[in-house]
Amino acid sequence: MRQIARHDVVFAAGTAGEHELTWSQKAHEREGCHPHLHGPRNRNVRMGRALDGTPDLAAVLHAFATVMAHFEALRTLYPRDADGHPRAVVVASGVLQVDEYASDAPPDYDELSAFTLRLAEPGFAPDDLPLRAAVVTVDGRPIHVALSLHHFSADTTAGRIVAENIARLAADPGADLGSGWQPRQIASFESSPSGLRHAHRVDIHDRAMLRQSAMPELLAPASRDGDAVYNFVCLDSTAVALAAAALAKQYRTSVAAVLQAAYACALAEHLGIGNCVFNTVMANRQTAFGREAVAHIAGRALVPVDTSLGGDRFPALCRAVDAALVRSSSVSLRKPDRHARSLDEVSAELGRSAHNPYVVNVRPIAPRTLIRARADSAQQDLERAMASSRYRRFPKPVDTNSGKLTFDVWGMSETAGISLGTDARSFDATDLEQILLSFERRLVGAAIGGHGGRSGDGSGRG
């Protein structure tokens with residue numbers, strides 16, 4: 001791919017002003033995220049999206065302008081005050097530069113992944129708009145958009161929503177973007193009496209969850225030098241998507257609960273534990289599992305999972321996880337200082353660190369919307385889909401997930417992209433692959449009425 005043009009997209013909106021950082025933005029700052037750092041460790045959010053239909057370039061650029069005007073977070077600059085702390089300043093208008101890259105043929109997944117990484121590497125200056133964007137064209141026709149978002153402004157779910165809205169507007173300029181929480185509203189709520197009461201409820205909930213379930217501690221990296229390795233293993237499996245949809249429909253529960261229950265069983269078996277706490281990061285429940293605002297009230301909940309129910313009682317485990325998620329549905333934000341203090345206090349009570357619960361990023365999807373026509377696939381269809389599963393390994397330099405096991409469901413469509421990652425001192429790539437293989441087997445085995453699945457140890461994949 002080669003850059004052939006740079007387009008200035010002018011946007012104008014009716015809202016502007018300054019506001020306090022949201023708690024999640026403050027947490028990002030406290031955790032040492034570096035959006036201004038040059039290179040791949042700047043923690044920017046990368047996102048790509050294929051364009052539907054055959055929009056022309058003018059329609060795509062118009063879509064960018066509309067989305068920029070709609071989302072305050074994409075119009076927020078982060079200059080620093082005299083003490084060096086960032087401020088959030090929403091601008092009413094400006095210019096977004098969108099680069100155009102030409103390709104001789106439609107790029108494959110690996111090419112697009114490398115492209116979005118290069119797009120993120122330059123970092124962001126404090127007075128830059130928190131979005132960098134590019135359009136890939138083939139024979140002059142736009143086929144793909146690539147985005148890099150400042151981490152103060154977005155997580156991966158929000159990045160996906162931005163990309164999807166651009167694609168939708170490119171195909172239909174009159175499409176409705178809907179309404180949602182804007183960063184100024186979120187900051188105002190967090191400092192209000194009701195927001196403070198809510199933060200207090202979250203604090204109580206988190207302490208209770210940390211006390212009542214085991215949370216096996218993963219190792220922290222010995223050093224922060226370049227020799228430390230972060231293992232990252234990805235499973236691309238149509239069978240997981242089909243099985244999750246079928247089981248959620250059969251058990252009358254959520255896809256998120258099915259995925260988390262199967263993962264909990266696989267992890268518990270690997271570690272030899274009976275229960276643990278997951279820090280579940282979900283789409284914003286304030287807007288019925290859909291986030292229209294980019295900056296958000298983070299959907300986080302500590303959920304205890306009792307894996308002693310075992311594979312033979314998988315339906316009961318799914319329903320128990322779903323009930324725990326429902327009970328935690330109002331738990332979606334906390335005061336970062338109070339949260340940090342609580343973790344320290346609970347750590348002292350437990351006699352061990354409470355700072356590294358396993359992180360599970362799950363995007364809850366209603367069973368009726370997930371592969372609706374194929375949720376009842378026959379056993380041979382699932383077994384055939386398992387045979388086409390792909391496992392890939394990505395050793396990377398250590399980042400802020402070190403010492404945590406991170407489980408991501410980064411797409412649920414015709415194929416479900418599942419990935420695991422942790423510091424190499426906790427698990428190596430083979431460990432992570434075995435957990436994912438067990439995860440896939442459990443889901444498909446439950447969907448076809450058995451507990452087996454594909455034989456073999458998964459060796460040779462990578």
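**Figure 1. Helices α8 and α12 meet side by side in this predicted model.** V258, L259, A262, Y263, C265, A266, L267, E269 and H270 of α8 touch D431, I435, S438, F439, R442 and L443 of α12, where contact means heavy atoms within 4.5 Å. Sorted by class, the residues of this contact are ten nonpolar, two polar and three charged. Here Ala, Val, Leu, Ile, Met, Phe, Trp, Tyr, Cys and Pro count as nonpolar, Asp, Glu, Lys and Arg as charged, and the others, Gly among them, as polar. The axes of α8 (residues 255-271) and α12 (residues 429-447) come within 9 Å and cross at roughly 130°. Axes are lines fitted to C-alpha atoms, for helices over the stretch in contact, with angles from 0 to 180 degrees between N-to-C directions. The two helices α8 and α12 are therefore oblique to each other; angles under 35 degrees count as roughly parallel, over 145 as roughly antiparallel, 65 to 115 as roughly perpendicular and the rest as oblique. The crossing of α8 and α12 is right-handed, a term used if the near helix is turned clockwise from the far one by less than a right angle.

A word on reading these views: the model is predicted, so local features need pLDDT of at least 70 and side-chain atom pairs count only at pLDDT 80 or more, while totals for chains, interfaces and linings use all residues. Residues are numbered from 1 along each chain as its sequence is written, and side-chain values use heavy atoms, leaving out hydrogens and water.

**Figure 2. Now meet the crossing of α5 and α6.** The axes of α5 (residues 183-191) and α6 (residues 193-212) come within 4 Å and cross at roughly 70°. This pair, α5 and α6, is therefore roughly perpendicular. F189, E190 and S191 of α5 make the contact with P193, S194, G195 and L196 of α6. By class, that contact of α5 with α6 has three nonpolar, three polar and one charged residues.

**Figure 3. Here is helix α2, covering residues 57-70.** Its 14 residues, at 1.5 Å a residue, should span 20 Å, and the end C-alpha atoms of α2 are 20 Å apart, which agrees. The expected span is 1.5 Å times one less than the number of residues. The buried residues of α2 are L57, A59, V60, L61, A63, F64, A65, V67 and M68. Buried means under 20% relative accessible area, exposed over 50%, and partly exposed in between (1.4 Å probe, protein chains only).

**Figure 4. Zoom in on L21, in the loop between β2 (17-19) and α1 (23-30).** L21 is buried, with a relative accessible area of 8%. Leaving aside residues up to four places away in sequence, L21 touches K26, E29, Y78, P86, R87, A88, F152 and E190. L21 and R87 are 66 residues apart in sequence, yet 6.9 Å apart in space, C-alpha to C-alpha.

Figure 5. At 77% relative accessibility, D139 counts as exposed.
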